[in-house]
Each structure stands twice: as C-alpha cells, then as structure tokens.
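User: I would like to go through one part of this structure with you. Could you show it first?

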Amino acid sequence: MKAWRFTAVDDQLQQVEIGEPIPGPDDIVIDTGAVGLCHSDIGFMNGTIAHLLGHVPITLGHEIVGTVSAVGSMVTEFVLGDRVGIPATTDGPGTAMDGGYAEKVRVPSHLPVPLPDGLSFRDAVSATCSGRTAYRAVHTAGQIESGMKVGIIGFGGLGYFGVQIAQAAGASVFVAEVNEARWPLARHLGVESCSTDIRVFESEELDVIIDFAGADGTLDSAIGAIRHGGRIVEVGLGVEATSVSIPSITMKEVHVVGASNGTKAEASAILALIANGAVQPKTEQISFGEIPEGLRRLEQGAPDGRLIAVL
C-alpha cells in the first residue's frame, strides 16, 4: 500500500510502498477514509516535538476515520464494515505507531469510536482532534449552560468549534481575536461581538472565558474580564509562561482550570453535534497525493479551513 513516511527531522515526507498492516489479537485494521492535517505534524517534522514519536521512520497522521477491513481474534466491539473514528492520542496511530497518511491503518481496538450514520468522512475527521478538544473545554472544563455569557479567546480551528459548541449549549458568545480578518466569520456564526482583547467585554460580566490562544497576556486579560467567581479554561499553548495578576485572581475568586484533548465519550459527543448540524466543520478537501503540499500550506498559515485528505 502507499504511505507518506516521516524519515528524519527537517526532511519532507517520502511516499513509499509498504506492506499492509496485519491486526494483532486486540487490533483492527481500517481502510483510511479521510485523514486531517494537523500543526502537530509540523512540530514532529521540524523536531519541536519529535521526541513524542514512538519510532522513526513512521507514518504520520493522527486524525483518522475509515472503515473496518480486518478484525483481530479477540475483538468483539467492531465487525467488518463498521465506520469508525480514532480519537487522537499520544498512544495511538500517527504518534506511537504508524498513522493515517496511508491507505490502511492498524489500530488497538480500545481506541476507535463509531461514526454516526450518514456523517461523511470529511466532516467526521475534525471531531477526532480539534472538535473533541473544544468540546472538552466548553462542557467538561467550562461547565457551560444555557443563558451563560461566554468569552472565546482565539478564533482559529479550536475557537471556531468552541463558538458553535457554546452556542449549541444556549450560551451567548463574545470573541477576542487579534486577526480582524477572522471577525466576519465569527459574526456569521452569530457571536455577540468581536474585539482584539477579551478585556473589552469586562462590563458583560462573562461567566466563562475559554483561552484557545494561550498567548502572552491572554490569561491575564481573561482574569481582568471575567466576572466575580467566574471560570477560565486554559487550552492554548502559545507560550510556555506568562504573568498574571494574583490579587485579581484572589479578590475576584476566579476559577482557573486546564483542558487538554479529551476522551472517547467527548469524541462521540462532538460527532453527534456535527451529525445533527448543530456544529459545522470548516474544511478543505485535498487528495492523498497532496498531503506534503498541504502540510507546507499549513505551516505557512494559508488554509482557511481544516485540510482533509480524502482517500
């Protein structure tokens, strides 16, 4: 089968012919239906986070959906023909083992989740990583409920999902995004207002603020904008460290919590929201052969939506 292999830091992916994967007793093999391109792949290739990889050479691609084509002898959860998604994890394909930039993928059977009937592979892919992360930030960490006022810092891929998930929960959403070219899309989704700094909305008495940017100063701005007793969810990893006002945290009795990439249950929950139309991914379809060029575009910040290679 064909696969795009990462062979060394700062080298381009190499298309190679390798043997098809064979499932172990507790594995399944899926025919890749679609795979998403993620900034983490760029971090692997430039060496920033290459230490997280299980081995090199390796087939990258950790946002994967497809159809079960082989089942291990001990597997009872899945049968041939099942449509599944693989929630991204450091222990899974594309990180610890060969991933989805290939025509077939071997997957430990405890990882995948079923895809809702009728949901396209293209729309389902983004739920495996960015969509699930945003869902965890909004619901599990943010505890957002209907009627709340919610601030979203960073209207990129995660923020795009976060806005829609919060709105689906019945919240009013305010967006802080330094790139004003993204504001029309946020307004199109029905946000209350946009600004370059969340502190502009201090008078709104925001109940929850989710920082998808994690840039220098964004957490301190969130502390300044949040209402007394409000909750701030930190997701973004834009900088390693930043300064905040400790007196403001203390006197306002602010709850600050972190949120990472989520669970299988959260992956299933965001898949359901996408399937019923409450959340609509913004994607651009490319071919399997365009994966290296897609990663170059992603590194340059060119794509206007999630790049999805459909096989």
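Analyst: Strand 15 and strand 16 run parallel and are joined by four bridges; two strands count as paired if DSSP finds at least two bridges between them. This is a predicted model, in which local features need pLDDT of at least 70 and side-chain atom pairs count only at pLDDT 80 or more, while totals for chains, interfaces and linings use all residues. Residues are numbered from 1 along each chain as its sequence is written, and side-chain values use heavy atoms, without hydrogens and water. Helices (H or I, at least four residues) and strands (E, at least two) are DSSP runs, numbered from the N terminus.

User: Which residue stands opposite leucine 307 in strand 16?

Analyst: Glutamate 284 does.

User: And how does strand 3 run relative to strand 16?

Analyst: Strand 3 and strand 16 run antiparallel, with three bridges. Alanine 34 stands opposite valine 310 there.

User: Why is strand 16 called largely enclosed?

Analyst: Four of its five residues are buried, so the rest of the structure largely encloses strand 16. Buried means under 20% relative accessible area, exposed over 50%, and partly exposed in between (1.4 Å probe, protein chains only).

User: Now helix 9: which residues are buried?

Analyst: In helix 9 (residues 291-300), they are Ile291, Pro292, Gly294, Leu295 and Leu298. Seen down the helix axis, these buried residues fall within an arc of 160°, so they line one face; the arc is that of the directions from the axis to the C-beta atoms.

User: What comes just after helix 9?

Analyst: Glycine 301, with a positive phi of about 80°.
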